Amino acid sequence: MKTIQTEIPENLYKGAVALAEQGWFRNEKEVFSEAIRRFLESHQPELMDNFIRDDVEWGLHGED
Amino acid sequence: MAKIRSNTVVVCDAGPLIHLDEVGHLQLLADFKKVIVPHGVRREVNNHRRISFEEADISWSLVKAVFPLEQSVKTICNLFSLDAGEKESLSLLNNEPDAIFLTDDAAARIVAIKLGYRVHGTIGVLVRAIRRDLLNPEEVADALQRIRDVSTLYIKNSLLQEVITKVKQEQR
């Protein structure tokens, strides 16, 4: 495991702590790991490239 | 500006509103027949930018009502950690299936595509301005450059430069 130090908005931190306190996660660190894992899954570089190229295609050659 | 407004209705997520405003081209939304902004999106935008939603040329439709999402859609939204505004947008699209969903959020885009909706983002709206005769290619290239310089929309620089090159070729 890699240890990092960063700054996040207070409300995000409180939200993560609340989830852990309610028993959904062992601690807030697990919340952050899970959040980042999900973000990375939905932000695959190839997918985002395709979204931009699709936008350009629509922009130049769409019919609306 | 194109003489005749497009017949296209758009449902807007916060990203394109914020990013178009950041690069000084929010008025491009005036080309759409209706710009639907859910209450949650408006709230999110106002946390970042001072957009009045009173720009006379833009056909704003500020919608407070939230229609219930099917349980399966709710589950997908939760799996992708979509925020309140994005969920409201998807519920509105259920009633406006021909509308285009404007979002710069990859997760929201994936979900909306899976649900069968047309989805585009800030880059698409900017490039579309050429086809709609709202901006010339040079102006759009400038706006794209400003995406990197002044906006909070993050795009891989090599891809952005590729888009700028393609846009500039439109004027030849």
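This is a predicted model: local features need pLDDT of at least 70, side-chain atom pairs count only at pLDDT 80 or more; totals for chains, interfaces and linings use all residues.
## Chain B as a whole

Let's begin with the overall build of chain B. Its secondary structure comes to eight helices and five strands. Reading from the N terminus, the elements follow the order β-α-β-α-β-α-α-β-α-β-α-α-α. The C-alpha trace spans about 50 × 35 × 30 Å along its principal axes.

The radius of gyration of chain B is 16 Å, which agrees with the value near 16 Å for a compact globule of 172 residues. Of those 172 residues, 53% count as buried.

## Where the two chains meet

At the interface, 32 residues of chain B are in contact with 19 residues of chain A. A handy way to express the size of an interface is the accessible area lost when the parts come together. Here the area buried between chain B and chain A is about 2100 Å², and carbon and sulfur atoms give 62% of that area.

On the side of chain B that touches chain A, the elements giving two or more residues are helix 3 (71-79), helix 5 (106-114), strand 5 (118-120), helix 6 (122-131) and helix 8 (157-169) of chain B. Helix 6 of chain B gives the largest share, eight residues. By type, the residues on this side of chain B divide into 16 nonpolar, eight polar and eight charged.

## A closer look at helix 6 of chain B

The buried residues are B:T122, B:I123, B:G124, B:V125, B:L126, B:V127, B:R128, B:A129 and B:I130.

What do these buried residues pack against? Their partners in chain B are helix 1 (14-22), strand 4 (100-102), helix 7 (137-150) and helix 8, and they also pack against helix 3 (45-61) of chain A. After helix 6 of chain B comes B:D133, whose phi is positive, near 65 degrees.

## Salt bridges across the interface

Side chains of opposite charge can pair when their charged atoms come close. Over all chains, a search of the whole structure finds 16 salt bridges, and six salt bridges are found across the interface of chain B and chain A.

B:R109 counts as buried at 4% relative accessibility, while A:D54, at 37%, counts as partly exposed.

Another salt bridge joins A:D64 and B:R131 (3.4 Å, N to O). The pair runs between chains, from A:D64 in the segment after helix 3 of chain A to B:R131 in helix 6 of chain B. A:D64 counts as buried, with 15% relative accessibility, and B:R131 is partly exposed, with a relative accessible area of 25%.

Inside chain B, the side chains of B:K34 and B:E96 meet in a salt bridge (3.4 Å, N to O). B:K34 lies in strand 2 (residues 34-38) and B:E96 in the loop between helix 4 (84-95) and strand 4 of chain B, so the pair ties together parts that are 62 residues apart in sequence. B:K34 counts as partly exposed at 30% relative accessibility, and B:E96 counts as partly exposed at 25%. Salt bridges that share partners also join A:D64, B:D31, B:R128, B:R131 and B:R132 into one network.

## A stop in chain A

Finally, A:F32 is found in helix 2 (residues 28-42) of chain A. At 27% relative accessibility, A:F32 counts as partly exposed. Leaving aside residues up to four places away in sequence, A:F32 touches A:I8, A:L12, A:Y13 and A:A16. A:V17 is 15 residues from A:F32 along the chain, and their C-alpha atoms are separated by 10.0 Å.

Technical notes. Residues are numbered from 1 along each chain as its sequence is written. Chains are lettered from A and ligands numbered from 1 in the order in which they are written. Side-chain values use heavy atoms; hydrogens and water are left out. Contact means heavy atoms within 4.5 Å. Buried area is the accessible area (1.4 Å probe) that two parts lose on being put together, summed over both. A salt bridge is a side-chain nitrogen of Lys or Arg within 4 Å of a carboxyl oxygen of Asp or Glu. Helices (H or I, at least four residues) and strands (E, at least two) are DSSP runs, numbered from the N terminus. Ala, Val, Leu, Ile, Met, Phe, Trp, Tyr, Cys and Pro count as nonpolar, Asp, Glu, Lys and Arg as charged, and the others, Gly among them, as polar. The radius of gyration is taken over C-alpha atoms; the globule rule is 2.2 Å times the number of residues to the power 0.38. Buried means under 20% relative accessible area, exposed over 50%, partly exposed in between (1.4 Å probe, protein chains only).
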